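Here are some notes for a first look at this chain. Please read them with the structure open.

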Amino acid sequence: MRWPWSSSPTDREQKTSVSSSDFPIATDWSHYRDPRNIIPVVVLTGSAFILSTFYRSYLKRIPQAINIGPKFWRKRSLFGKVTSVGDADNFRLFHTPGGRLAGWGLLPWRRVPDTVKELKDKTVHIRLAGIDAPEMAHFGNPAQPFSREAFDFLTSYVLHRRVRAYVHKRDQYDRAVATVYVRRWLLRRDVGLQMLKRGLATVYEAKSGAEYGNMEEKYRKAEKGARLKRMGMWGESKKGYESPRDYKTRIGQAKPTK
């Protein structure tokens, strides 16, 4: 006798039977192994990696000398616009990687700032390699002869112009010591060499740490030529001549020790 609430064997069988649709279906991996799907993914991934590497290497702006990586020194150069000249042998450069080809000066978001506030912490301080210009008046110390002439020449030669700086190292003042070239009348000129030829600088002299960028021989020849022609500072009396290096040494020794 069946109870009213009990189910028949047929009902139990129907309830316990499971259809094949209740089991998970095995993944078909052939879709992912299809070359028509693999090749586009590889191409897109590779292209993204190449573009990212190219941007970091050639189009990423370097704001200051402290941001130049170890692999950059002595191997690469900085192209940019000179925004200010601080002394007769150093200036500030706003790095514009890629130049006009990358839109600098052409696109609204690729412009060189023109105010001191906008340029703050955004320029590379460049020190011309291999030369030493006469010292201007600083911290109450008198200026050297021809320091103003040297400063005026450098200012007229590079200020607001685009230059290429081959960076060699960073000095103790966080400046990039570099050999700098500027185009004048379609010719590329070495800025330091031009100053030496005009008698507005001497070859840098130091017991250690001097950087010439493989230009020492050429620089010394240019200085010798300026001496013989009595150009610039070499036209002064030899008796009263004091080199920029000797001047800085004398001023440094005269400072009171704490």
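1. Start with Leu106. Is Leu106 buried or exposed? Its relative accessibility is 57%, so Leu106 counts as exposed, the cut-off being over 50%. Keep in mind that this is a predicted model.

2. Leu106 sits in the loop between strand S2 (90-95) and helix H4 (116-119). Together with Leu107 and Trp109, Leu106 makes a nonpolar surface patch of about 370 Å².

3. Now turn to helix H7, residues 216-228. H7 has 13 residues. From first C-alpha to last it reaches 18 Å, close to the 18 Å expected at 1.5 Å a residue.

4. Which residues of H7 are buried? They are Tyr219, Ala222, Glu223 and Ala226. These residues lie on the same side of H7, because they cover an arc of only 100 degrees around the axis.

5. The face of H7 turned away from the buried side carries exposed residues: Glu217, Lys221, Lys224 and Leu228. On the buried side, the cover includes strands S4 (131-132), S6 (176-184), S7 (187-190) and S8 (202-203), along with helix H6 (191-197). After H7 comes Arg230, with a positive phi near 55 degrees.

6. Last, the whole chain. It holds eight helices and eight strands. Of its 258 residues, 36% count as buried. The chain exposes about 17700 Å², with carbon and sulfur atoms supplying 57% of that area. Among contacts between residues at least 6 apart in sequence, 66% join residues at least 24 apart.

Definitions and conventions:
Residues numbered from 1 in each chain as written. Predicted model: local features only at pLDDT ≥ 70, side-chain atom pairs only at ≥ 80, totals over all residues. Heavy atoms only, no water. Helix = DSSP H or I, 4+ residues; strand = E, 2+ residues; numbered from the N terminus. Expected span 1.5 Å × (residues − 1). Buried < 20%, exposed > 50% of the residue type's maximum accessible area, 1.4 Å probe, protein only. Arc of directions from axis to C-beta. Contact = heavy atoms within 4.5 Å. Patch = residues over 30% accessible without salt bridge, like charges linked within 9 Å, V, L, I, M, F, W, Y side chains within 5 Å. Areas by Shrake-Rupley, 256 points an atom, 1.4 Å probe, with all protein chains shown as cover. Salt bridge = Lys/Arg side-chain N within 4 Å of Asp/Glu carboxyl O.
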